[in-house]
Amino acid sequence: MSTYLSKSLFMKGLQCEKALWLTKHEPDLKPLPSSFQQARFDEGHAVGNLAKTCFENGIDIAQKASTFTQRLSLTQTLLSAARSTLFEATVSYMGVLVMADILIPNGYSGGWTLIEVKSATSEKAVFLDDIAVQYWVLTRSGIRISKVELWVVNSNYERKGPIDPVVFFKRMDVTQSIRQRQKGLYEQVQHFRTVLKTKTRPEVAIGPQCFSPYDCDFMNVCWANLPENSVFELAGLHRDKKFEWFEKGITTVAEVPTQGLPLFQQIQINAENEDHGVRVNQPELQQFLAQLHYPLACIDFEGFQMALPPFDGLKPYQQVPFLVSMHIQHSPDEAPVHIEKMVSFGEDPRYLIAEVVAKNIPKNACVVAYSAAYEKSVLHQLAQLFPQFSEPLLQAAQSVIDLMTPFQKGFVYSKKMRGKLSIKSVVPAFVEGLSYADLVIADGEMAVLAYSQLATEANEAQKKELERQLRDYCTRDTYAMMQLIQALQKLGVQQP
Ligand code: SF4
């Protein structure tokens, strides 16, 4: 077991002492990162590597030396020479070990500029805490840091040709904030070292720290014994409020007092207590259904977003649709027609997706999407990008009706929803025999991951299988919407 208190352990300790202790003493309890988390880590590394290209002839300590001992020694030698920009400079003080993303020597003025690179688009307190401990270790080790910069992704950057690292990053001088954060770090380090020396797990109750600044790795340990339908499953509302109830002994949704709560939460709580199957507000549901007309077009896009925009005209993290599914029904007596288009990884999908929607969506269609903000924004984005398709796309965007509305506003509610509004939770509650349980790809995160796997999958058969799974997922969404509409229409004509 390493004797160092690494920067990531230090950060873990700031979040929760128990998480710090578990990471060191019972690391097997920590689940492996999900493929989605791993993809996010990889993206962070890619952003870090891009930042390094701003400095010619920088020396990457992590590449030149493999063990921490070697890295510490090489760093010391290069720091003494003070001639080269260093990547991953490795320094320790009082057993705390940090690796600085970028250290630039400041020539005759002396000292170094410390740069921390993050793949987020704005400054966060947790980033400053992270840099503060690096600054503490470096300066206590006798290295003069005259300036500290935080580099984040410039969300206004628009790709034109190869990504230009000079304008891709937003650089912030955080020297003052970092110096102000030095107070108390010595005591903090001492305290964490004491925690780590303790033989038994610290007793820490679950609390808001479990989610802040990141979801804790040990939720499977500390949250395992909550009662079924715990108070934390109450939809919406600030988590602090739920902890307040929990600490008062209100542990389940059914026990929460309804007074003063928004309507949806009242409905969820009452459903738990009254055990009625489905609650329907007929006038409101009928009013919602009256907006629907034929031809009816249920639409769903799947998209990806990347820190490093892969195509010209894209900004960092801009959503790019790569798959569309539409179920179109021309009249109540006709069976819906299914149309879909998926564009292979590596190709800019926007034109092909825009074309298939523009050419197939009927004029004056009533367009329906579930949690429709994304579909609306994609339609607007594509209309702006391709003027030749703007008329049908804008018409579609303007007519979008959000099928989540009757559930979100409590016009209909089923206890089976458990307060959740995702289509995956709503469909099985209202459409008998239909769910997402049989699908390999069953949510948006998995879809994005499968799409990115297409980039590296060499086996053609496996590639085709991934594409089929993606299509099945998107198709299920629009098919499910059609079925949900029918289910709501039945509920809307029943007597209350
Ligand atoms: S789940 Fe919460 S209480 Fe448990 S270790 Fe993590 S932060 Fe601490």
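User: At what angle do helix α13 and helix α20 pack?

Analyst: This is a predicted model, in which local features need pLDDT of at least 70 and side-chain atom pairs count only at pLDDT 80 or more, while totals for chains, interfaces and linings use all residues. Residues are numbered from 1 along each chain as its sequence is written. Helices (H or I, at least four residues) are, like strands (E, at least two), DSSP runs numbered from the N terminus, and axes are lines fitted to C-alpha atoms, for helices over the stretch in contact, with angles from 0 to 180 degrees between N-to-C directions. Helix α13 (residues 282-290) and helix α20 (residues 460-493) have axes 9 Å apart, and they pack at an angle of about 135°.

User: Which residues of α20 does α13 meet?

Analyst: Two residues are in contact if their C-beta atoms, placed from the backbone, lie within 7 Å. From α13 come Q282, L285, Q286 and L289, and they meet, in α20, L488, Q489, L491 and G492.

User: How many residues of the contact of α13 with α20 are polar?

Analyst: Ala, Val, Leu, Ile, Met, Phe, Trp, Tyr, Cys and Pro count as nonpolar, Asp, Glu, Lys and Arg as charged, and the others, Gly among them, as polar. On that basis this contact has no charged residues and four nonpolar ones, and the number of polar residues is four.

User: How do α15 and α16 lie relative to each other?

Analyst: The axes of helix α15 (residues 373-385) and helix α16 (residues 390-399) come within 8 Å and cross at roughly 160°. The two helices, α15 and α16, are therefore roughly antiparallel.

User: Which residues of α20 make the contact with α18?

Analyst: The axes of helix α18 (residues 423-430) and α20 come within 10 Å and cross at roughly 45°, so that α18 and α20 are oblique to each other. On the side of α18 the contact is made by I423, V426, V427 and F430, and on the side of α20 by D477, A480, L484 and A487.

User: Which helix gives the most to the side of domain 1 that touches domain 3?

Analyst: By an automatic or database domain assignment, the chain is divided into domain 1 (32-182), domain 2 (229-274) and domain 3 (276-496). The centres of domain 1 and domain 3, taken over C-alpha atoms, are separated by 41 Å, and their contact takes 18 residues from domain 1 and 14 residues from domain 3. With seven residues (35-52 being its span), the helix that gives the most to the domain 1 side is α3.

User: Which helix supplies the largest share of the shell around the ligand?

Analyst: A residue is near a molecule or strand if its C-beta atom, placed from the backbone, lies within 6 Å of it, and of the 13 residues around the ligand, C16, A19, C210, C216 and C222 come nearest. The shell divides into ten nonpolar, two polar and one charged. Both α2 (17-25) and α10 (219-222) supply at least two residues, and the largest share, three residues, comes from α2.

Conventions
Angles under 35 degrees count as roughly parallel, over 145 as roughly antiparallel, 65 to 115 as roughly perpendicular and the rest as oblique.
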